[in-house]
Amino acid sequence: MYKNNGVVLVLSGPSGAGKSSLINKIKDEIGDYYFSISTTTRGMRDGEINGVHYHFVSEEEFKKDIEDEHFLEYALVHGNYYGTSIKPVKEALSEGKLVIFDIDVQGNTAINNRLGDITTSVFITPPTLSELKNRLQKRDTDSQEVIDKRINMAKMEIQRISEYDFVVVNDDLDVAADVLKQIAKTARLKIPVEKINNFVNNWEDIN
Ligand code: ADP
Ligand code: 5GP
C-alpha cells in the first residue's frame, strides 16, 4: 500500500547523538529524499520552527490524530508524544524517494513491522555516555532535569542496539557522516517484496 519505489531509512539514537548534525552534513549528497517531520506534544526549544523541526501540537490534538488513525506510528518518549503522519510518507514513497525518519526504538519496531522489506535502520551514538552528557550540556537546549532524563533514557535505548541493521559511532563528525552517506546510498537498493516476486515470476520464462 505504501510501497512504490521509495525506501525508508530509520535513524535512532539518544537525543544529542548527532542525528540532526549528520543529516545536515550529508543532505546534499544522498539524492532525492524526504525527511519526515514528526508531530509532537513536547515544548518548542529555542531556535526550533513549527512545521520545520516538528509539528508542535497540544496533547488533545495529538490524541485526536491517534483516534483518526493519522499516524503510521507514534510513541510516548520522555513523557511527550511523538508521531509520524501517514500521508506525506505515503506520497514520498510513491514518488520513489528515500524517506528518512528520526524516531526512537519503539518507532523503529513499528516501522519494521509495517515496512520492513524496504527499511534500513541505523542506530547513531556518541562513543560513550559521558560524551553524550557533554554534548547535551554544550548544546544548552535542555534543563539539567531534562538532560538527566535523556541520559537515563539513553542507557535503556543502547540495550536495543542489536535491533538495528547498522550502528554509526559519531566520534569524528566527518567520518561518521561518510559512513552514514554510504548506508543511505545502499538503503536505496532495497527491493520491495512485490517487486522481487514479480521478478521471480518473469525470470522463470521457460516452461
Ligand atoms: P540529535 O539530533 O541526535 O539530538 P544533535 O545533532 O543536535 O543531536 O547534536 C547534539 C550536539 O552535539 C550539538 O550541539 C552538536 O553540534 C554536537 N555534535 C554532534 N556531533 C558531534 C561530534 N561528532 N563531535 C562533537 N560534537 C558533536
Ligand atoms: P527530541 O525531543 O530530542 O527532538 O526527540 C526525542 C526522541 O523522540 C528522539 O529519540 C527522537 O528520535 C524521537 N522521535 C522524534 N519523532 C518521533 C516520532 O515521530 N516517532 C517516534 N517513535 N519517535 C520520535
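**Entry 1: the shell around ligand 1**

By class, I found 3 nonpolar, 6 polar and 4 charged residues in the shell around ligand 1. I note at the start that the model is predicted. I counted 13 residues around ligand 1, and I listed G16, K19, S20, S21 and N170 as the closest. I then looked up which element gives the largest share of this shell, and it is helix 1, with 3 residues.

**Entry 2: polar contacts of ligand 1**

In one of them, a polar backbone atom of G16 is 2.8 Å from an oxygen atom of the ligand. In another, an oxygen atom of ligand 1 has a polar side-chain atom of S20 at 2.5 Å. For R139, I read 2.9 Å between a polar side-chain atom and an oxygen atom of ligand 1. I next checked the cover: ligand 1 exposes 560 Å² when taken alone, and the protein buries 73% of that. Helix 1 and helix 5 are the elements that give two or more residues to the shell around ligand 1.

**Entry 3: the largest pocket**

Where does ligand 1 sit? I found that the space it takes is the largest pocket. I looked up ligand 2 as well, and ligand 2 sits in the largest pocket. The volume of the largest pocket is about 1,100 Å³. I counted 45 residues in its lining, and those closest to the centre of the pocket are K19, S20, R45, Y54 and D102. K19 and S20 also stand in my list of the residues closest to ligand 1.

I sorted the lining of the largest pocket by class and got 15 nonpolar, 17 polar and 13 charged residues. Helix 1 gives the most to this lining, with 5 residues. Among the elements that each supply at least two residues of the lining, I noted strand 1 (7-12), helix 1 (19-26), strand 2 (33-35), helix 5 (129-139) and helix 6 (144-157). Strand 5 and strand 6 belong to that list too.

**Entry 4: the shell around ligand 2**

How many residues surround ligand 2? I counted 18, and the closest are R42, Y54, E73, Y82 and D102. Y54 and D102 are also on my list for the centre of the largest pocket. By class, I found 5 nonpolar, 7 polar and 6 charged residues in the shell around ligand 2. I also looked at strands here: strand 5 (71-77) and strand 6 (80-85) each supply at least two residues of this shell.

**Entry 5: polar contacts of ligand 2**

I looked up D104, and one of its polar side-chain atoms is 2.7 Å from a nitrogen atom of ligand 2. For T84, I read 3.3 Å between an N or O atom in the side chain and an oxygen atom of ligand 2. R150 has a polar side-chain atom 3.0 Å from an oxygen atom of ligand 2. On its own, ligand 2 has 510 Å² of accessible area, and the protein covers 96% of that.

**Entry 6: the second largest pocket**

I finished with the second largest pocket, which holds about 150 Å³ of space. Which residues line it? I wrote down R42, G43, R45, H78, N80, T141, D142, V146, K149 and R150. I had already noted R150 for its contact with ligand 2, and R42 as one of the residues closest to that ligand. By class, the lining of the second largest pocket has 1 nonpolar, 4 polar and 5 charged residues. Helix 6 gives the largest share of this lining, 3 residues.

How values were computed:
Residues numbered from 1 in each chain as written. Chains lettered and ligands numbered in written order. Predicted model: local features only at pLDDT ≥ 70, side-chain atom pairs only at ≥ 80, totals over all residues. Heavy atoms only, no water. Near = heavy atom within 4 Å. Polar contact = N/O pair within 3.5 Å; in protein donor to acceptor, adjacent residues only side chain to side chain. Areas by Shrake-Rupley, 256 points an atom, 1.4 Å probe, with all protein chains shown as cover. 1 Å grid on protein atoms, 1.4 Å probe; cavity = no way out; pocket = protein on both sides within 12 Å on 5 of 7 lines; lining within 4 Å. Sits in = over half its atoms within 2 Å of the grid points. Helix = DSSP H or I, 4+ residues; strand = E, 2+ residues; numbered from the N terminus. Nonpolar A, V, L, I, M, F, W, Y, C, P; charged D, E, K, R; others polar. Points joined across faces, edges and corners; volume = space filled by probe spheres on them.
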